Amino acid sequence: MSQSFSVSALRAQFPVLQQSCNGHALVYLDSAATTQKPQSVIDAMNNYYQYNNANVHRAAHCLSAKATQAFEQVRDEVRSFINAPKREEVIWTKGATEAINLVAQSYGALLEAGDEIIISTMEHHANIVPWQLLAQQLKLVLKVIPLTDTGELDLTAFAQLLTEKTRLVAVTHISNVLGTVNPIAGIVALSHQVGAKVLVDGSQTVAHLPIDVQALDCDFYVFSGHKMYGPTGIGVLYGKADLLNAMPVWQTGGEMIKKVSFSGTTFNALPFKFEPGTPNISGVIGLGAAVAFLQQQDRAALLHYEQGLFEYAKAQLLSLPDIALVGNAAQQAGVISFVVKGEHHSDIATLLDQQGIAIRAGHHCAMPLMESLGLGGTLRLSIACYNDQQDIDSFIAALHKTLEFL
Ligand SMILES: Cc1ncc(COP(=O)(O)O)c(C=O)c1O
């Protein structure tokens with residue numbers, strides 16, 4: 001595999017990877033669940049607590065001014081990272097899940113009985129349940145895009161599901177089970193033709209592909225910091241300003257108000273309108289360091305390297321007996337799902353763990369997808385920039401041993 005950067009230098013920035021698990025060097029292939037954090041992210045958060053800790057936007061003292069400045073600077077950095085036109089279009093949330101719930105409940109408040117929402121069969125529960133609940137609350141119609149045999153969205157069926165009553169299409173950019181990269185710009189263009197808005201779940205994308213919300217022309221884009229080398233508990237909702245302005249407030253309290261009296265309350269402008277209470281300040285600082293970490297890389301070279309590792313892992317897996325890959329889309333990234341014929345996924349994952357290999361087994365929070373595939377679960381390995389060929393070789397050797405043992 002050719003590479004124009006040093007993976008060993010990159011890997012050395014991740015302290016958690018320098019340890020053993022169950023007496024073996026740790027092989028971490030579960031980055032789709034959460035990525036590991038580089039030292040720079042850990043240092044930024046420690047540094048904030050050690051030198052700059054104060055509440056933001058409130059106190060008239062030096063420490064609060066420093067904290068506010070650092071906090072708001074990250075908003076500018078994230079704006080530029082996803083190429084959003086305006087900084088107030090970047091809303092802090094706890095993660096992708098909260099961002100989707102915010103849109104479901106706030107944009108949802110503008111919908112009426114009989115309006116239609118379209119999701120897809122490959123969605124994570126986070127992009128199913130909020131819409132299901134909203135549909136029940138408001139008597140909306142929830143439609144689901146089926147998949148092709150290769151694990152891609154059936155775009156012909158999608159075109160037929162769209163009607164003049166479609167108010168929102170909520171789809172994932174990359175499937176956390178199949179690795180399928182969906183053609184988002186095309187989906188957005190088709191949806192806009194009937195006047196529907198589009199929410200894109202970028203949870204599995206941010207660590208791999210550069211995001212340009214203007215090129216995609218999506219109306220909402222959501223992601224979590226912890227899946228892009230940043231901390232847990234912080235995520236982003238990007239939304240087009242005119243839409244966010246038209247949407248009612250969701251959660252309420254301090255920070256999101258302009259004026260409160262017992263006769264009524266007026267609300268703050270974007271982005272604060274959707275950010276009640278003391279925010280996750282250290283999380284935002286850590287996210288800023290994660291953005292800087294990614295921006296310091298040659299993203300094209302990184303993607304090329306990851307894709308090489310991905311193809312290598314797929315080929316190695318297929319060289320073993322009784323392995324079936326789940327999902328074979330023309331464009332895939334990040335995750336590879338597979339099953340071992342005749343064996344339960346949990347047994348395999350446990351035996352791999354005993355050999356220091358961390359992969360995921362189960363339904364991956366995509367039970368409707370599993371149902372459509374007729375599977376109880378899969379094994380899933382997921383790749384990040386710090387993985388190397390040795391990780392894949394160790395995984396394959398351990399899997400080989402496990403299959404022989406069984
Ligand atoms: C595709 C997808 N969407 C949404 C989520 C939810 O992310 P979070 O738990 O960080 O809110 C995940 C997490 O695995 C995911 O993979």
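**A walk through the model**

Threonine 156 counts as exposed because its relative accessibility is 56%. The cut-offs are these: buried means under 20% relative accessible area, exposed means over 50%, and partly exposed lies in between, with a 1.4 Å probe and protein chains only. Threonine 156 belongs to helix α6, residues 155-161. Helices here are DSSP runs of H or I with at least four residues, strands are runs of E with at least two, and both are numbered from the N terminus. From threonine 156 to tyrosine 221 is 65 residues in sequence and 24 Å in space, C-alpha to C-alpha.

A word on the source. This is a predicted model, in which local features need pLDDT of at least 70 and side-chain atom pairs count only at pLDDT 80 or more, while totals for chains, interfaces and linings use all residues. Residues are numbered from 1 along each chain as its sequence is written, and side-chain values use heavy atoms, with hydrogens and water left out.

Now turn to a buried helix residue. Valine 103 sits in helix α4, residues 96-106. Its relative accessibility is 0%, so valine 103 counts as buried. Valine 103 and leucine 199 are 96 residues apart in sequence, yet their C-alpha atoms are 8.6 Å apart in space.

Aspartate 393 counts as partly exposed because its relative accessibility is 28%. Between aspartate 393 and glutamine 316 there are 8.3 Å in space, C-alpha to C-alpha, and 77 residues in sequence.

Next come the aromatic rings. The whole structure holds 10 aromatic pairs. In the pair of tyrosine 48 and tyrosine 49, the ring centres are 5.1 Å apart and the planes stand at 55°, so this pair is tilted. Rings of Phe, Tyr and Trp (its six-membered ring) pair if their centres lie within 6.5 Å; planes under 30 degrees apart are stacked, over 60 edge-to-face, and the rest tilted. Tyrosine 48 is buried, because its relative accessibility is 3%. Phenylalanine 71 and tryptophan 92 make an edge-to-face pair, with 6.2 Å from centre to centre and 65° between the planes. This pair links distant parts of the chain, 21 residues apart: phenylalanine 71 is in helix α3 (residues 62-81), and tryptophan 92 is in strand β4 (residues 90-93). Both phenylalanine 71 and tryptophan 92 are buried. Elsewhere, ring pairs join Phe14, Tyr229, Phe293 and Tyr386 into a cluster.

What does the ligand sit in? The ligand sits in the largest pocket. A pocket is found on a 1 Å grid over the protein atoms alone, as an open set of points with protein on both sides within 12 Å along at least five of seven lines. A molecule sits in one if more than half of its atoms lie within 2 Å of its grid points. The residues around the ligand include Ala96, Thr97, Asn176, Asp201 and Gln204. To be counted, a residue needs a heavy atom within 4 Å of the molecule.

Lysine 227 has a side-chain N or O atom 2.6 Å from a ligand oxygen. Serine 203 has a polar side-chain atom 3.2 Å from a ligand nitrogen. For histidine 124, a polar side-chain atom lies 3.4 Å from a ligand oxygen. Of the 390 Å² of accessible area that the ligand has on its own, the protein covers 85%. These areas come from the Shrake-Rupley method with a 1.4 Å probe.

Threonine 121 is in the loop between β5 (116-120) and α5 (129-138). Its relative accessible area is 12%, so threonine 121 is buried. The side chain of threonine 121 reaches the backbone oxygen of isoleucine 145 at 2.7 Å.

Most residues other than glycine have a negative phi, and most peptide bonds are trans. Where does the cis peptide bond with omega near 0° run? It runs from leucine 270 to proline 271. Proline 271 is in the loop between β12 (264-267) and α10 (281-296).

Asparagine 22 has a positive phi, near 50°. This residue is in the loop between β1 (20-21) and β2 (24-25). Asparagine 22 counts as partly exposed because its relative accessibility is 48%. Aspartate 322 also has a positive phi, near 65°. Its loop runs between α11 (299-318) and β13 (323-326). With a relative accessible area of 44%, aspartate 322 is partly exposed.

Definitions and conventions:
A polar contact is a pair of N or O atoms within 3.5 Å; within protein, one must be able to donate a hydrogen and the other to accept it, and residues adjacent in sequence count only if both atoms are side-chain atoms. On a 1 Å grid over the protein atoms alone, a cavity is a set of points where a 1.4 Å probe fits but cannot get out, and a pocket is an open set with protein on both sides within 12 Å along at least five of seven lines; lining residues have an atom within 4 Å of a point.
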